[in-house]
Amino acid sequence: MRLRCVVCAATYAALQVRYRCDCGATLDVVHDFPSDLSLAGFDARLASKAPLDRSGVWRFRELVAPLDEGVVATRREGNTGFYSSDRITKYVGASLRLKHEGENPTGSFKDRGMTVAVSVARQLGMTHVACASTGNTSASMAAYAAAAGMRALVFVPAGNVALGKLGQALAYGARTISISGDFDEAMRLVEQVCAKRDVYLVNSINPFRVEGQKAIAFELLQDLDWHVPDWIALPGGNLGNSSAIAKGLSELKTLGLIDRLPRLAVVQAAGANPLYTAWRTGADLVPVRAETRATAIRIGDPVSWRKCLRGLRETNGVVTEVNDQAILDAKAQVDAAGIGAEPASCATVAGVKRLVAEGVIPADADVCGVLTGHVLKDPKVVVDYHTDQLEGVTPSYPNPLVEVPADLDAVLRVVDNQA
Ligand SMILES: *Cc1c(COP(=O)(O)O)cnc(C)c1O
Ligand SMILES: [Zn+2]
């Protein structure tokens, strides 16, 4: 296992505190995979009760990171549900199955990367971890750090973190610093702090986070008995997750464990769309000032854009953008289907709907989507949508709160209207 620069290909020893190449670019983990890996071997672990086998990340440990078993901090992450619904199929115009990463221990896919990053921190002998976060990374880091007996330091953009996420960071005991700036400024600050202090940075600039998140692709394929779908769609913010899924798929193909790659569809919020612009124009990414109600993807200067564009090339992928109206209407559909997810997750569904309407995704394609976070992460946006209190968004599928005096006849009038 080594680290390799995505730009100049310089390599470094894997187990050291390092997030960037000397040239400034990001780093990949490059593996020396064992030669005896088999899909049947991964499947056999599904019947095991050993903690590492029960984790939807460490079940694939040879593909993720060969660490000493004793340092691994696992909470049985992964093992998330896969859903299809007639409502969603009708809404997007194609068969879309949804892998619900909001069912991870802290309610987002970040747990898959965090179990690896925190375990590496332990292997390196670090006692403190830190991240900048739109919310879910901090919730995840705080929980894994607490479980591993480490101190956690969180930087969040003031006023722009959903309540469920901020509550988790505080609950799990992270020292939480509210920066009067946006995520991108918090990110720059935390990188500087980690360079000056003995603190391990676990944002997705950390190459081991990406290794853990590859397991979304592994588990999704395992759920499908290793049948490769035509498309995998997911939201794009800092672009660690799309980079991870593309890397994991490419490695499976290189190893000969699958024989073709699905196409990736990365969906950005229209108000936070620098990847969309870079992909369309073929130019390097130009940061933007980000604005969207899907706060988990409210990122204007994504750290993993080079890795993501590489993954899009390798998978013949596409990028699209959807506005907040489309995201929140898609969320109302996902929620009403009984599945439920936070706003950024539902960019996946809105994006697939758009790509089907444009003919990019054929109506008969086999499409899988990733729902990235739990419906309870952002309860305020749910109530604000259904009570029509979101400026610039008109709810197409409102389910408003019905206010009635404590009077039986009045209540019955509402009940009878409903029926
Ligand atoms: C982090 C996050 C994203 C964005 O993932 P990136 O790896 O930053 O592109 C999307 N949705 C949710 C719910 C998230 O927590
Ligand atoms: Zn370099």
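## Ligand 1 and its surroundings

A polar side-chain atom of Asn136 lies 2.7 Å from an oxygen atom of ligand 1. A polar backbone atom of Asn241 is 2.8 Å from an oxygen atom of the ligand. For a polar backbone atom of Gly240, the distance to an oxygen atom of ligand 1 is 3.2 Å. Taken alone, ligand 1 exposes 380 Å², and the protein buries 97% of that. These accessible areas come from the Shrake-Rupley method with a 1.4 Å probe; for residues, only the protein chains shown count as cover.

There are 16 residues around ligand 1. A residue counts as near if one of its heavy atoms lies within 4 Å. Lys110, Asn136, Gly237, Asn238 and Thr372 come nearest.

## How to read the model

This is a predicted model, in which local features need pLDDT of at least 70, side-chain atom pairs count only at pLDDT 80 or more, and totals for chains, interfaces and linings use all residues. Residues are numbered from 1 along each chain as its sequence is written, chains are lettered from A and ligands numbered from 1 in the order in which they are written, and side-chain values use heavy atoms, with hydrogens and water left out.

## Asn136

Asn136 is found in helix H6 (residues 136-147). Helices (H or I, at least four residues) and strands (E, at least two) are DSSP runs, numbered from the N terminus. Asn136 has a relative accessible area of 3%, so it is buried. Buried means under 20%, exposed over 50%, and partly exposed in between (1.4 Å probe, protein chains only).

The side chain of Asn136 makes a polar contact of 2.8 Å with the side chain of Glu342. Such a contact is a pair of N or O atoms within 3.5 Å; within protein, one must be able to donate a hydrogen and the other to accept it, and residues adjacent in sequence count only if both atoms are side-chain atoms. Leaving aside neighbours within four places in sequence, Asn136 is in contact with Ser108, Lys110, Lys165, Glu342 and Lys377. Contact means heavy atoms within 4.5 Å.

## The zinc site

Ligand 2 is a zinc ion. Its protein donors are Cys5 (SG), Cys8 (SG), Cys21 (SG) and Cys23 (SG), lying 2.3 Å from it. Their spacing in sequence is C-x2-C-x12-C-x1-C. Cys5 and Cys23 link distant parts of the chain, 18 residues apart. Cys5 sits in strand S1 (residues 2-5), Cys23 in the loop between strand S2 (11-13) and strand S3 (27-30).

Cys5 is buried, at 4% relative accessibility. Cys23 is partly exposed, at 46%.

## Helix H11

Helix H11 covers residues 274-281. Within it, Pro274, Leu275, Tyr276 and Ala278 are buried. Their cover includes strand S11 (263-269), helix H12 (305-314), strand S12 (318-322) and helix H14 (343-357). Gly282 follows H11, with a positive phi near 75°.

## Two asparagines with positive phi

Most residues other than glycine have a negative phi. Asn79 has a positive phi, near 55°. Asn79 lies in the loop between helix H3 (61-64) and strand S4 (82-83). Its relative accessible area is 29%, so Asn79 is partly exposed.

Asn316 also has a positive phi, of about 50°. Asn316 lies in the loop between H12 and S12. At 48% relative accessibility, Asn316 is partly exposed.

Conventions
Donors = N, O, S within 2.8 Å, 3.2 Å for Na, K, Ca; no water.
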